[in-house]
Amino acid sequence: MGALDEGHLDAELEGGVKLGILELGLEGGSETGVIENAVRVLLQGLGEDSSREGLRKTPLRVAKALREGTKGYSQKVKDIVQGALFPEAGLDGGIGHAGGAGGLVVVRDIDLFSYCESCLLPFKVRCHVGYVPSGQRVVGLSKLPRVADVFAKRLQDPQRLSDQICTALHNSINPAGVAVILQCLHIQFPAVERTSHNPSHPNKLDMQGWVQVSVSSGSGVFGNKDGDAWADFLALLKFRGVNIERSLTPTRLWCTSTSPETLPCNGHTMRNPLNGRISTKAGPSQPAMVAAVASILHSLGEDPLRKELVFTPHRFVHWLTNFKTSNTEMKLNNFSYGGIGPRNHNLHKKASDVGYDRNKFQSELNLPFWSQCEHHLLPFHGMIHIAYFLEEDAEFDRSILQSIVHFHGCKLQVQERLTRQIAETVFSVFSRGVMVVVEAQHICMMSRGIEKVGSSTATIAVLGQFSNDPAAKENFLQSISNNTESRG
Ligand SMILES: [Zn+2]
Ligand SMILES: [Zn+2]
């Protein structure tokens with residue numbers, strides 16, 4: 001947006017920080033420009049050329065998404081609720097929720113997205129709101145989701161979001177009480193080795209990589225969690241299959257960015273099985289990148305010095321540097337059987353050539369991966385399935401395939417290119433034929449409402465013999481689908 005909108009100015013005026021507005025007003029014309037410039041700094045910090053085709057519009061896209069995703073800072077609850085309060089005859093002011101016209105009103109399953117204040121990644125919110133009218137007034141039901149969205153469209157933490165929605169509704173509707181329950185899903189960065197070495201418990205793709213937290217807030221007649229009002233509210237949710245315990249306690253590990261050892265591409269998870277070397281990509285934070293993220297926070301209307309935000313730029317940069325471009329190429333050819341590289345125990349010699357079947361292919365299913373969408377600077381993650389025709393006396397260990405997946409995943413990517421690059425790398429060793437299927441969930445698509453949480457995008461790359469052997473192709477696809485069914 002070109003300048004501060006009126007809502008923002010009003011909000012500032014009401015807050016009584018006149019000097020602040022004047023200062024902001026002067027630089028108002030370049031507010032989006034601040035974010036775009038900051039994103040360019042981040043791209044440079046990742047060793048990227050921000051003028052290359054895939055990245056040229058990234059600063060603009062990121063700025064637009066962040067503005068849209070935090071527009072709640074410039075919205076006022078009063079404007080939304082005003083004029084939507086209707087008198088309802090028969091409401092007995094202040095007297096309980098016991099039924100009739102004065103009873104509990106519940107709006108369930110409001111889907112929202114918010115931004116995690118710890119790591120700046122979007123998180124999904126399913127919101128349930130209940131209130132007991134009083135003073136012979138009810139509010140238009142469509143206003144409840146809109147009020148909730150005002151607070152979701154900010155940098156948040158689940159409990160604060162829940163409290164703010166509750167307080168805002170209480171103050172604007174003036175009911176006998178308000179109850180809010182939020183079920184929040186935050187992307188979780190798994191220790192990939194753990195998930196990949198447990199084939200007996202493969203993760204379901206639709207929930208893999210997410211951590212869920214439920215929180216609640218109550219005011220007025222909902223002040224007591226053990227009271228009748230809560231019992232009614234919870235019963236109405238249960239009715240819809242939402243099962244929530246009475247005491248909701250937020251999990252401490254809500255945002256895993258606060259525990260760096262679980263990031264996908266650092267430390268032992270990036271140990272290269274080819275040479276045992278550990279990638280040093282997740283190096284120390286770069287001051288220019290950290291300053292750039294702090295300038296984004298400021299530009300969104302936040303105070304980068306707010307207690308909860310102090311380490312956010314560091315965490316975001318730490319996360320981002322997992323996807324730093326690396327100059328080292330993955331030279332698998334050196335390690336192929338008969339190659340000149342050091343002996344590699346990950347490339348199995350087959351026990352006997354007698355059973356060798358030229359028409360047989362080897363496949364590895366459910367290799368977990370993480371990558372970063374270069375268009376939106378948001379993660380996408382999921383499962384990769386790889387098949388290749390065996391060479392006469394060799395096949396890959398699963399860990400070598402996993403490291404190929406990491407190598408191509410841990411950089412700014414698009415899913416199609418990731419698929420092709422993995423296929424080409426495997427093909428450089430098993431040149432008879434390779435097929436790669438990538439199933440991914442994109443945070444950028446979910447947070448814009450294009451993709452639902454749980455749905456996924458699939459891409460396929462086919463090289464060599466697989467391209468003219470429909471039976472083999474079908475065979476491999478069928479094995480993926482069988483496996484997915486047994487997972488479900
Ligand atoms: Zn987070
Ligand atoms: Zn994207």
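The exercises below concern helix packing, strand pairing and confidence in this predicted model.

**Exercise 1**

Task: Determine how helix H10 is oriented relative to helix H11, and which residues make the contact.

Solution: 
- Step 1. Helix H10 covers residues 287-299 and helix H11 covers residues 312-320; their axes come within 8 Å and cross at roughly 125°.
- Step 2. The crossing of H10 past H11 is right-handed.
- Step 3. On the side of H10, the contact is made by Met 289, Val 290, Val 293, Ala 294 and Leu 297. H11 contributes Thr 312, Pro 313, His 314, Phe 316 and Val 317.

**Exercise 2**

Task: Describe the packing of helix H6 against helix H7.

Solution: 
- Step 1. H6 (residues 143-152) and H7 (residues 158-173) have axes 9 Å apart, and the packing angle is about 135°.
- Step 2. This angle makes H6 oblique to H7.
- Step 3. H6 passes H7 in a crossing that is right-handed.
- Step 4. From H6, the residues Val 147, Ala 148, Phe 151 and Ala 152 meet Leu 161, Gln 164, Ile 165, Ala 168 and Leu 169 of H7.
- Step 5. This contact of H6 with H7 comprises 8 nonpolar residues, 1 polar residue and no charged residue.

**Exercise 3**

Task: State in which sense, parallel or antiparallel, strand S2 pairs with strand S3, and in which sense S2 runs with strand S5.

Solution: 
- Step 1. S2 (residues 105-116) and S3 (residues 122-132) are antiparallel, paired over 9 bridges. Within this pair, Leu 112 is opposite Val 125 of S3.
- Step 2. The two strands form a hairpin with 5 residues between them. In the turn, Leu 120 has a positive phi of about 70°.
- Step 3. S2 and S5 (residues 155-156) run parallel and are joined by 2 bridges. Cys 116 has Gln 156 in S5 as its bridge partner.

**Exercise 4**

Task: Identify where the pLDDT stays under 50.

Solution: 
- Step 1. The average pLDDT of the protein is 78, and 71% of the residues score at least 70.
- Step 2. Residues 93-101 stay under 50, and the model gives this stretch 20 contacts beyond four places in sequence.
- Step 3. Residues 260-264 are also below 50, with 16 contacts in the model beyond near neighbours in sequence.

How values were computed:
Residues are numbered from 1 along each chain as its sequence is written. Chains are lettered from A and ligands numbered from 1 in the order in which they are written. This is a predicted model: local features need pLDDT of at least 70, side-chain atom pairs count only at pLDDT 80 or more; totals for chains, interfaces and linings use all residues. Axes are lines fitted to C-alpha atoms, for helices over the stretch in contact, and angles run from 0 to 180 degrees between N-to-C directions. Helices (H or I, at least four residues) and strands (E, at least two) are DSSP runs, numbered from the N terminus. A crossing is left-handed if the near helix is turned anticlockwise from the far one by less than a right angle, and right-handed if clockwise. Two residues are in contact if their C-beta atoms, placed from the backbone, lie within 7 Å. Angles under 35 degrees count as roughly parallel, over 145 as roughly antiparallel, 65 to 115 as roughly perpendicular and the rest as oblique. Ala, Val, Leu, Ile, Met, Phe, Trp, Tyr, Cys and Pro count as nonpolar, Asp, Glu, Lys and Arg as charged, and the others, Gly among them, as polar. Two strands pair if DSSP finds at least two bridges between them. pLDDT is the predictor's confidence in each residue, from 0 to 100.
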